[in-house]
Amino acid sequence: MAADIILSGMRPSGKLHLGNYFGALVNWVRLQNEARCHFMVADWHALTSEYENTQGIENNVWDMVVDWLAAGLDPEKCLIFRQSWVPQHAELHLILSMITPLSWLERVPTYKEQLAELKNRDLSNYGFLGYPLLQSADIMVYRANKVPVGEDQLAHLELTREVARRFNHFYGNVFPEPQSILSRSPRVPGTDRRKMSKSYGNAILLSDTQEQVVATIKKMYTDPVKIRLNDPGHPEGCVVFATHELFTPEVADIEVRCKSGALGCSACKNRLGETLNAALDPIRAKRAEWVNRWDDVKAIVHDGSVKAEKIASETMQKVRDAIHLVPAGKLK
Ligand code: SF4
């Protein structure tokens, strides 16, 4: 049986945090051993909402790639590439935009949600409305049949299936209808209980030093009614406990001792510092190696993009043939 073809990507947001790690990277590192994986730095997607503020994109691209490598992505096992270095994404996006009804894009749930959320930006541009279609092109240009997604991205993948179906109906069978690999990632709360995000200032970065991690844990939200050391605590809702669940082997014992009042918050936080730092140490060590190998990092993304472009070109040849667009030099 042919191996699955997988496409996934991240907007370049710079150094990654624990939410990014558990939300995507852990799965990617596993999937690279099981399928033909294409992992994309989605730098064109960064323009859909940040088009006025593009100076930071370049550094963000490389900070993110170094974190991917440090977390265990292996360029021998997967393709790591940059979207804007593979122009076939844009060509397929344009062709798909010809056959996609506007109403399909307007009804994507995240479109309205983000318009409401990001009120301080003018998002009345086509790029923002059309970014789920660019995502469809990202997937389809590799004829990927599997896409790892969270629940919030299922509507985007359904759009991709509909667009693939419509293309195949008009022009013949070129594209598979990609299926989701639903990754149920553990919830990683930020220090203040909100979703972990660098923009909220509540994140722990994979690249934070041991001292920074300890200082951030000190600020974590805990049970507000556990004031004195011996007060019985409520681990549910405590960010320290939620993070112990991700990293600390004796989490069940911590739960019992918190509830009985045998464990104080200060000791509990100290223990989290130990287990979290122990988990991050290998990533930090690999990161330090990659940071000293900039030429190799750039070569990985360059070579990955060349390979990605070869695959994407083959798809675009099929697309042009299907829609009867004769390429230059092939006129009889
Ligand atoms: S003892 Fe630990 S788990 Fe319990 S409330 Fe304090 S920090 Fe949270």
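**Notes on fold and salt bridges**

1. R107 counts as partly exposed, at 46% relative accessibility. In this predicted model, R107 forms a salt bridge with E162, and the closest N and O atoms lie 2.9 Å apart. The two residues are 55 apart in the chain: E162 belongs to helix α8 (residues 154-171), while R107 sits in the loop between α5 (102-106) and α6 (109-117). E162 has a relative accessible area of 19% and is therefore buried, since buried means under 20%.

2. A second pair, E58 and R82, forms a salt bridge whose closest N and O atoms are 2.8 Å apart. This pair also links distant parts of the chain, joining helix α3 (residues 57-71) through E58 to strand β3 (residues 78-82) through R82. R82 is buried, at 6% relative accessibility, whereas E58 is partly exposed at 38%. Shared partners join D43, E58 and R82 into one salt-bridge network.

3. R30 forms a salt bridge with E34, with 3.5 Å between the closest N and O atoms. R30 is partly exposed, its relative accessibility being 39%. In total, the structure holds 19 salt bridges.

4. Regarding the overall fold, the protein chain contains 13 helices and five strands. Its C-alpha trace spans about 85 × 45 × 45 Å along the principal axes. Of the 332 residues, 48% are buried. Among contacts between residues at least 6 apart in sequence, 77% join residues at least 24 apart.

5. The chain carries 40 positive and 40 negative charges, whose mean positions are 2 Å apart.

Terms used:
Residues are numbered from 1 along each chain as its sequence is written. This is a predicted model: local features need pLDDT of at least 70, side-chain atom pairs count only at pLDDT 80 or more; totals for chains, interfaces and linings use all residues. Side-chain values use heavy atoms; hydrogens and water are left out. Helices (H or I, at least four residues) and strands (E, at least two) are DSSP runs, numbered from the N terminus. Buried means under 20% relative accessible area, exposed over 50%, partly exposed in between (1.4 Å probe, protein chains only). Contact means heavy atoms within 4.5 Å. Lys and Arg count as positive and Asp and Glu as negative; His and the chain ends are not counted. The place of a charge is taken as NZ of Lys, CZ of Arg, CG of Asp or CD of Glu. A salt bridge is a side-chain nitrogen of Lys or Arg within 4 Å of a carboxyl oxygen of Asp or Glu.
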